[in-house]
Amino acid sequence: RPNIVSYTLKMTMLGSTGDLSGASDVLEELKQSGSEPDVALFNNLMKMYAVRRDKNGVKKTLNTMQANGLEANARTVSFLVKFYTEEDELGLAEHTYCTAPAEIQEDSLVRLSLMKLYIAQGSLDQALALYDSMRSANQGVRRRALQLLIVACGAASNPEMLAKAEVHTMESSLMDVRMSNALITAWIRCGSDDSALRCAAQSEKDGIIFNEVSYTALVSGLRRLKKYDLAEKFQAKAKEKGIVI
């Protein structure tokens, strides 16, 4: 008899072809076979609807999952908070997080989704405080969270918050070329070429090897700030390394 893995594969195949109705029918097929769908299967189906930005499909699947007596797990909550945030349903995203059990609220991936919500709300101070509470999360999650905050500070032209985010970056073991690029770009977006150059100099001092993204950010950003001499200097350095901008 086919097991739940077989039905999962069938659902995935149907979903990849855009047949979400057929993918949804897999849940009933599974029940008729004598097995019950699990939370992972419902999560999988909700993500298929999300790819097509079908909010009704997501909500219908969630309701069906709950009607089957299943409770959302951390992956469900993380997905829903992120999805509702991206769909600009910020109140629903916050409600989803706030009504989740405490142990799920503490999950690092759920908190990463919550950070995206805070950023969407323009609450950069809350996003930074949330990052501070994620010290036990793995390095990949913390790096992603801090990078999101840095980019948001640049987009909001908020040098005060960006300075705080930079301090966290420098004090942690998270600095790499991607974080350096994010900081440089954010400082330029804040209109501070001095801070961008300081960050670039510190990164090189710390042994970070700049890539094409690094030099492109510096050259294009300095040109935008009308610092043409400095832009030409970094363009020449990039050329020396075989990078054409």
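Trainee: What makes the span of helix α15 (residues 228-240) agree with its 13 residues?

Mentor: At 1.5 Å a residue, the 13 residues of α15 should span 18 Å, and the end C-alpha atoms are 18 Å apart, which agrees. The expected span is 1.5 Å times one less than the number of residues, and a helix is a DSSP run of H or I with at least four residues, numbered from the N terminus. This is a predicted model, in which local features need pLDDT of at least 70, side-chain atom pairs count only at pLDDT 80 or more, and totals for chains, interfaces and linings use all residues. Residues are numbered from 1 along each chain as its sequence is written, and side-chain values use heavy atoms, with hydrogens and water left out.

Trainee: Which residues of α15 are buried, and which are exposed?

Mentor: A231, F234 and A238 are buried, that is, under 20% relative accessible area, where exposed means over 50% and partly exposed lies in between (1.4 Å probe, protein chains only). On the other side, D229, E232, K239 and E240 are exposed.

Trainee: Against what do the buried residues of α15 pack?

Mentor: They pack against α13 (193-205) and α14 (212-224), contact being heavy atoms within 4.5 Å.

Terms used
Helix = DSSP H or I, 4+ residues; strand = E, 2+ residues; numbered from the N terminus.
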